[in-house]
Amino acid sequence: MKSILITGGAGFIGSEVVRQFVVNHPDYKIVNLDALTYAGNLENLKPVENAANYNFEKADITDAAAINAVFEKHGITDVIHLAAESHVDRSITDPLAFVHTNVIGTVTLLEAAKKYWKEDYNKHLFYHISTDEVYGTLGAEGFFTEETSYDPHSPYSASKASSDHFVRAYYDTYGIQVVVSNCSNNYGPYHFPEKLIPLSINNIINHKPLPVYGDGKYTRDWLYVIDHASAIDLIFHKGKVGDTYNIGGFNEWQNIDLVKLLCKQMDEKLGREAGDSEKLITFVKDRPGHDKRYAIDATKLNKELGWYPSVTFEEGLSATIDWYLSNTEWLNNVTSGNYAKYYEQQYNH
Ligand code: NAD
Ligand code: TYD
């Protein structure tokens with residue numbers, strides 16, 4: 001029987017992966033390992049917490065003794081590694097935290113895999129979840145492919161690039177079976193409101209200013225988190241060992257247009273006058289080292305594994321807004337306490 005360690009399973013994407021795996025693979029033992037940082041929330045696991053195949057371990061991926069204990073206790077056969085510090089703005093304030101979790105944490109997990117799977121590496125898989133931000137930035141044209149050279153600019157993307165390199169180095173050096181996927185920006189339910197979309201939704205609800213960095217013409221390629229998780233399931237089962245897969249929905253938006261679309265959909269849903277929320281848009285100081293444009297070429301995943309996104313952006317965004325409007329308790333819980341302190345430091349200083 002497979003015993004799959006999913007790290008970061010209490011976060012935004014990780015919890016979606018855990019929820020899907022627990023339900024779609026009742027024959028697998030799912031072990032969600034998470035340190036429950038500010039971004040980890042056990043409320044995200046409520047839909048599956050009582051499932052027979054679901055287990056939770058609170059542990060830090062940089063704690064080798066704790067990781068070894070989890071490998072032994074659960075007889076871990078495979079890893080899907082999502083645990084990370086994930087927010088670019090926080091990485092600008094505190095880069096070492098990103099090196100610690102994203103680089104040292106990843107190598108600590110690889111070391112455990114090397115130790116516990118050594119009898120036959122071919123029977124196990126280490127699947128590393130990464131980001132398109134490792135490729136750097138694009139001009140007006142072109143896409144990131146699996147062959148694009150790494151060129152990270154933020155401490156976040158530099159730490160993820162480093163972790164990707166370590167994963168591939170363990171494949172080349174020790175023969176541990178690995179696969180890596182690099183995905184574009186995700187959005188959807190359970191997204192922590194420090195990132196553009198959930199932060200804007202929360203601020204529109206509360207009639208607060210909508211901070212848009214610089215001229216707002218930065219471009220991101222957005223994918224619904226449920227579609228990212230379905231791609232992860234497919235790559236985990238069918239991906240070629242040693243390969244990299246880019247995941248994206250060919251769905252580019254300039255930030256300003258995206259925030260305006262959010263305002264429009266929310267005015268309709270909240271019964272506000274058309275144009276009301278747009279008045280909240282406030283251009284603020286730009287992010288240092290801000291990457292101009294990300295765009296993923298997902299042709300390899302489309303052609304080789306037959307994966308395509310299941311929802312349009314308008315549908316996904318509408319479903320996301322509906323989720324936040326009907327989960328005000330979740331939103332209030334995550335925005336109480338330290339969130340206010342972070343917000344004050346990031347936006348009011
Ligand atoms: P998130 O910040 O919402 O969640 C991260 C999770 O990791 C949290 O539950 C946190 O408690 C846990 N964690 C942090 N440090 C830990 C540690 N030292 N030990 C154990 N657990 C720890 O992040 P997310 O947006 O869900 O991203 C998940 C993964 O996907 C990350 O590896 C990220 O780089 C990658 N990714 C994210 C996006 C995106 O748009 N959010 C896009 C592509 C790839
Ligand atoms: P973000 O959600 O932080 O994701 P990433 O930096 O990983 O792409 O930001 C998405 C885009 O939105 C990015 O170009 C920065 C911009 N942005 C704002 O304009 N205002 C904000 O308050 C935030 C958080 C982001």
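The model is predicted, so local features need pLDDT of at least 70, side-chain atom pairs count only at pLDDT 80 or more, and totals for chains, interfaces and linings use all residues. Residues are numbered from 1 along each chain as its sequence is written, chains are lettered from A and ligands numbered from 1 in the order in which they are written, and side-chain values use heavy atoms, leaving out hydrogens and water.

**Ring pairs**

A pair of aromatic rings is described by the distance of the centres and the angle of the planes. Rings of Phe, Tyr and Trp (its six-membered ring) pair if their centres lie within 6.5 Å; planes under 30 degrees apart count as stacked, over 60 as edge-to-face and the rest as tilted. The structure holds 22 such aromatic pairs. Y38 and F192 form an edge-to-face pair, because their planes stand at 75° with the ring centres 5.1 Å apart. This pair joins distant parts of the chain, 154 residues apart: Y38 is in the loop between β2 (29–34) and β3 (54–58), and F192 in the loop between β7 (185–187) and α6 (196–205). Helices (H or I, at least four residues) and strands (E, at least two) are DSSP runs, numbered from the N terminus.

How open are these two rings' residues? Buried means under 20% relative accessible area, exposed over 50%, and partly exposed in between (1.4 Å probe, protein chains only). Y38 is partly exposed at 29%, whereas F192 is buried at 10%.

Next comes F71 with W117, a tilted pair with 6.0 Å from centre to centre and 45° between the planes. F71 belongs to helix α2 (residues 64–74) and W117 to the loop between α4 (95–116) and β5 (125–131), so the pair ties together parts 46 residues apart in sequence. Both F71 and W117 are buried.

Ring pairs also build a cluster from Y38, F192, Y213, Y339, Y343 and Y347.

**Charges over rings**

A charge sits over a ring if NZ of Lys or CZ of Arg is within 6 Å of the ring centre and within 35 degrees of the ring normal.

| Charged residue | Ring | Distance to ring centre |
|---|---|---|
| R293 | F143 | 5.9 Å |
| K300 | Y245 | 4.4 Å |

**Two backbone angles**

Most residues other than glycine have a negative phi. L36, however, has a positive phi of about 55°. L36 lies in the loop between β2 and β3 and is partly exposed at 27% relative accessibility. Y190 has a positive phi of about 70°. Y190 sits in the loop between β7 and α6 and is buried, with a relative accessible area of 14%.
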